[in-house]
Amino acid sequence: MSVRDQPSSKSRWEVMQETTLALASKCEELDPDGITIYLFSGRFKRYDNVTSNKVPQIFRENEPSGRTDLASVLLDATNSYFQRKASGQTKTNGETILIVTDGEPDDRKAVMKVIIEASRRMDRDEELALSFIQVGTDAQATKFLKILDDELQGAGAKFDIVDTVTMDDMEDMTLSEVLLNAITD
């Protein structure tokens with residue numbers, strides 16, 4: 001995430017901060033309670049009820065490092081969803097978990113297992129979606145995300161709950177536009 005390959009010579013991390021701020025601001029219009037933000041570079045951290053005014057602090061307190069502990073984050077996020085579902089606190093029109101990554105996860109099989117198991121706990125296809133957005137051009141990450149998008153039902157998933165967007169898919173859209181489209185789609 002520290003690679004400076006984004007417009008205006010910004011790092012992926014700087015673009016993520018700007019994008020997260022825009023996303024949090026937009027979500028406040030829809031739900032003033034804020035959003036949940038997970039960081040999974042180096043160590044897994046969860047921040048609940050994040051509003052736009054908290055975003056800069058989160059990014060100041062964290063720096064990207066080499067690990068990508070995606071499986072732990074997905075397990076926590078999906079378990080949180082199903083706990084809220086059991087207590088009647090989920091959105092009736094479905095929920096989307098947005099995952100922005102620049103590389104492939106430390107444990108591919110664990111990520112696939114978490115997604116497959118989550119799909120098996122669902123009652124309807126529209127209930128939960130995972131949207132993976134890749135920043136950067138890591139070919140191995142692109143290949144893995146394509147597998148998540150296209151092959152998990154063949155591996156035992158009940159529903160196809162994964163969508164992916166790569167840099168090539170974004171064309172002339174900014175990351176902020178891609179994320180905002182994902183929450184309104």
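Predicted model: local features only at pLDDT ≥ 70, side-chain atom pairs only at ≥ 80, totals over all residues.
1. The elements comprise seven helices and five strands.

2. Some overall values may be noted before the details. The chain has 185 residues, and 44% of them count as buried. Its accessible surface comes to about 10,000 Å², and carbon and sulfur atoms contribute 46% of that area. Among the contacts with a separation of 6 or more, 71% are between residues 24 or more positions apart.

3. The strands E1 and E2 form a pair. How many bridges join E1 and E2, and in which sense do they pair? Four bridges are found, and the pairing is antiparallel. Within this pair, Ile-35 stands opposite Val-50 of E2. Strand E1 covers residues 35–39 and is mostly covered, since four of its five residues are buried.

4. Strand E2 spans residues 45–50 and includes Asn-49. The backbone of Asn-49 deserves a remark: its phi is near 50°, which is a positive value in a residue other than glycine. Is Asn-49 buried, exposed or partly exposed? The relative accessible area of Asn-49 is 45%. Buried requires a value under 20% and exposed a value over 50%, so Asn-49 is classed as partly exposed.

5. The strands E3, E4 and E5 make up an open sheet of three strands, in the order E3-E4-E5 and with parallel pairing. Its edge strands are E3 (95–101) and E5 (162–165), each of which pairs on one side only. From one strand to the next, the twist averages 20°.

6. Strand E4 comprises residues 128–134, and four bridges join it to E5, the two strands running parallel. As one example of facing residues, Ile-133 stands opposite Val-165 in E5.

7. Is Glu-95 buried or exposed? Its relative accessibility is 15%; because buried means under 20%, Glu-95 counts as buried although its side chain is that of a glutamate. Neighbours within four places in sequence set aside, Glu-95 is in contact with Tyr-81, Arg-84, Gln-89, Thr-90, Glu-126, Glu-127, Leu-128 and Ala-129. Of these, Ala-129 is 34 residues from Glu-95 in sequence, yet their C-alpha atoms are 6.3 Å apart in space.

8. Val-100 also has its place in strand E3. The relative accessible area of Val-100 is 13%, and with the cut-off for buried at under 20%, Val-100 is therefore buried. Val-100 and Gln-134 are 34 residues apart in sequence, while the distance from C-alpha to C-alpha is 5.8 Å.

9. Helix H3 (residues 70–86) packs against H4, with an angle of about 10° and axes 8 Å apart. Angles under 35 degrees count as roughly parallel, so H3 is roughly parallel to H4. The crossing of these two helices is left-handed. On the H3 side the residues that meet H4 are Leu-70, Ala-71, Leu-74, Leu-75, Thr-78 and Phe-82. On the H4 side they are Ala-110, Val-111, Val-114, Ile-115 and Ala-118. H3 also lies across E3 and E4, and runs at about 170° to E3.

10. Helix H4 (residues 108–120) packs with helix H5 (residues 139–150) as well. What are the angle and the axis distance between H4 and H5? The angle is about 25°, and the axes are 11 Å apart. An angle under 35 degrees counts as roughly parallel, and H4 and H5 are therefore roughly parallel to each other. H4 passes H5 in a right-handed crossing. The contact involves Arg-108, Val-111, Met-112 and Ile-115 of H4, together with Gln-140, Phe-144, Ile-147 and Leu-148 of H5.

How values were computed. Residues numbered from 1 in each chain as written. Heavy atoms only, no water. Buried < 20%, exposed > 50% of the residue type's maximum accessible area, 1.4 Å probe, protein only. Contact = heavy atoms within 4.5 Å. Areas by Shrake-Rupley, 256 points an atom, 1.4 Å probe, with all protein chains shown as cover. Pairing = 2+ DSSP bridges. Axes fitted to C-alpha atoms, helices over the stretch in contact; angles between N-to-C directions. Parallel < 35°, antiparallel > 145°, perpendicular 65-115°, else oblique. Left-handed = near helix turned anticlockwise from the far one by under 90°.
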